[in-house]
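I opened my notebook to record a few things looked up in one model. The entries follow in the order I made them.

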Amino acid sequence: MVEEIAAEVDELVLGIGSAGDSHTTRNPFTAGERVMMVTKAVEKLDATTYVVPIEDLDRNSVWVSHVQSMTPRFDVAYSNNPLVVRLFEEAGVEVRQSPMFRRDVLEGTELRERMIRGRDWEDLVPDAVVDVIREVDGVERIRRIAETDTLGDEPSDQ
Ligand SMILES: Nc1ncnc2c1ncn2[C@@H]1O[C@H](COP(=O)(O)OP(=O)(O)OP(=O)(O)O)[C@@H](O)[C@H]1O
Ligand SMILES: NC(=O)c1ccc[n+]([C@@H]2O[C@H](COP(=O)(O)O)[C@@H](O)[C@H]2O)c1
């Protein structure tokens, strides 16, 4: 998806969402770890790419201004997340959506389940992501969090 978007634009800003979260079921990796994964994965793209961590806010109504305050100026926002699409459109920013690509397997939840259950996942993500997950012992972390995080989305203190 990012390769297709990069072919349409001169410069690309990739937002790392929920950047303040880590060590939870849905967001096991720190913003820094995710910056490494994404930066290395897009290294060979032609478009100049900026990777920017963006923390969540309690107020959806000011989230677009918050995103704009953290990123280089942009003309078009790309997302398939219905809330994100709505917030940008209400703020007057053009939004483009991309068709889902192999959504059945390329979903965060599915990939994390595969890691927990010891099934193959490496061929489903860029090599750079495999390298970073190995470097930080990410599969072990995800398994530990799954064992202790019975509430589903609470930080683990393991
Ligand atoms: N296969 C795909 N093809 C295109 N866009 C996708 C695909 N999978 C996810 N997206 C988009 O990427 C973003 C992240 O997807 P999603 O909200 O599912 O998060 P995730 O981290 O992949 O999964 P999860 O919510 O299971 O943790 C969303 O904007 C979503 O629409
Ligand atoms: N109020 C807010 O903080 C707010 C609003 C909309 C989206 N977001 C974030 O934007 C990101 C959207 O990511 P996806 O496109 O991967 O679903 C998520 O990290 C989500 O938490 C935050």
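I looked up Asp-137 and found it in the loop between helix 6 (127-135) and helix 7 (138-148). The model is predicted, so I note that local features need pLDDT of at least 70, side-chain atom pairs count only at pLDDT 80 or more, and totals for chains, interfaces and linings use all residues. Residues are numbered from 1 along each chain as its sequence is written, while chains are lettered from A and ligands numbered from 1 in the order in which they are written. Helices (H or I, at least four residues) and strands (E, at least two) are DSSP runs, numbered from the N terminus.

Asp-137 is not a glycine, yet its phi is positive, near 55 degrees. Is Asp-137 buried or exposed? I put Asp-137 down as exposed because 10 other C-beta atoms lie within 10 Å. The cut-offs, with C-beta atoms placed from the backbone, are 20 or more others within 10 Å for buried, 12 or fewer for exposed, and partly exposed in between.

Next I turned to Arg-102, in the loop between strand 4 (94-96) and helix 5 (108-117). Arg-102 also is no glycine and has a positive phi, about 45 degrees. I noted Arg-102 as exposed, since it has 8 C-beta neighbours inside 10 Å.

Last, I checked how helix 2 (residues 31-41) packs with helix 6: the angle is about 150 degrees and the axes are 8 Å apart. Axes are lines fitted to C-alpha atoms, for helices over the stretch in contact, and angles run from 0 to 180 degrees between N-to-C directions. Helix 2 and helix 6 are therefore roughly antiparallel, a term for angles over 145 degrees, against under 35 for roughly parallel, 65 to 115 for roughly perpendicular and oblique for the rest.
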